[in-house]
Amino acid sequence: MKPVLKLYRGYANEQELIVMGHVFKPTTREDYDFQKKKFQNAKSVIRMFRIKTQKNADVYLALNGTRIHTKTLDDGYFKFCIPLNKESGYGWIDYFVSIHFNGEEIRAKGSFIRPYEGNLGFISDIDDTFLISHTRNMFKKLYILLFRNVNDRKIFDNVVAHYQALSTSGRNKKNEQNAFFYVSSSEWNLYRFIVQFTELHQLPRGVLLLKDIKTSLMDFFITGRGDHNHKFEKIKHILEFYPNLKYTLIGDDSQHDPFLYEQICKIFPVTVQAVYIRQTGSAKKEKAIAVMKNLESLNVAACYFRESSEAIEHSRKIGLIS
């Protein structure tokens, strides 16, 4: 049995690179298969939340001919925040991380984004923003997570068309996309599932910033719930890390997105240009309507929509997409 090394998509600006991942304790289990049906899928999902992490494990990052050493935190998470000295190029760039076990090197390849020069950035929530998750109904949400595999999960109509248009907005070259971030209250346990879902539906390739990993079955029953301060901090971090981009924030009204985004707009009055909030219930929420009106008074283009076709129309109207 060998420990398991998982890498996540990282990101860089002109001065700094951030890459991260987890080290898990040795296991004989094969990797989780999100193609399985019904009870087999449920077993895979539950196992993801019972995974055991390895604290204080030695981790090595290989980059530009240098080898940088760190150790995992108490929850098995590691993060390299390092200065970028060399001209590293732009777009998606590979990086390599390794750990050692019984004299053997275990190596994994990840990638990080160094956005091409441009002026647009996009930050999107996941559950009930593009992935239909029924967050408002905890039992339904858990049932779908357990018994619907990645192929059976549903996406809102016209989301892909909207996100793809945003991703290429203002870009002339096919390989150059705008910076895209997916920030969610879902935990790192669901990282691979979310990546597979976004790839399956051809959503823009983006950096995922998720919540601290869970390692017990009890945690599974409260997945995606609780304190949303992590989302606020992650979004604030992105806006500080790339201060010269004009941002569009996309979320929904099932939890706290309108209020989080309002706080962000107040702190970054020049940086956020538009906010999109999906209506998830049968009627618009009064508090969300009030937030959207307040955002407009801050000169932020605000769109509270039910169908993505409305959001597309709004993006065209304000010149965000052509």
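Q: Which residues gather in a patch of positive charge on the surface?
A: The model is predicted, so local features need pLDDT of at least 70 and side-chain atom pairs count only at pLDDT 80 or more, while totals for chains, interfaces and linings use all residues. Residues are numbered from 1 along each chain as its sequence is written, and side-chain values use heavy atoms, with hydrogens and water left out. A charge patch joins like charges within 9 Å, taken from residues with over 30% relative accessible area and no salt bridge; Lys and Arg count as positive, and their charges are placed at NZ and CZ. The patch of positive charge is made of K25, R50, K52 and K55.

Q: Is K52 buried, partly exposed or exposed?
A: K52 sits in the loop between α1 (38-48) and β3 (58-63). Buried means under 20% relative accessible area, exposed over 50%, and partly exposed in between, with a 1.4 Å probe and protein chains only. K52 has 46% relative accessibility, so its class is partly exposed.

Q: How many salt bridges does a search of the whole structure find?
A: A salt bridge needs a side-chain nitrogen of Lys or Arg within 4 Å of a carboxyl oxygen of Asp or Glu. Over the whole structure, the number found is eleven.

Q: How many residues apart are K2 and E104, and which strands hold them?
A: The side chains of K2 and E104 form a salt bridge at 3.0 Å, N to O. Strands are DSSP runs of E of at least two residues, helices are runs of H or I of at least four, and both are numbered from the N terminus. K2 is in β1 (residues 2-12) and E104 in β7 (residues 104-114), and their separation is 102 residues.

Q: Is R114 buried or exposed?
A: R114 meets E14 in a salt bridge of 3.3 Å, N to O. Because R114 lies in strand β7 and E14 in the loop between β1 and β2 (16-27), the pair ties together parts that are 100 residues apart in sequence. E14, at 43% relative accessibility, is partly exposed. The relative accessible area of R114 is 2%, so R114 is buried.

Q: Which residues is Y261 in contact with, leaving aside its neighbours within four places in sequence?
A: Y261 belongs to helix α7 (residues 257-267). With 1% relative accessibility, Y261 is buried. Contact means heavy atoms within 4.5 Å. Apart from those neighbours, the residues in contact with Y261 are D125, I235, L249, I250, G251, V275 and I277.

Definitions and conventions. Patch = residues over 30% accessible without salt bridge, like charges linked within 9 Å, V, L, I, M, F, W, Y side chains within 5 Å. Areas by Shrake-Rupley, 256 points an atom, 1.4 Å probe, with all protein chains shown as cover.
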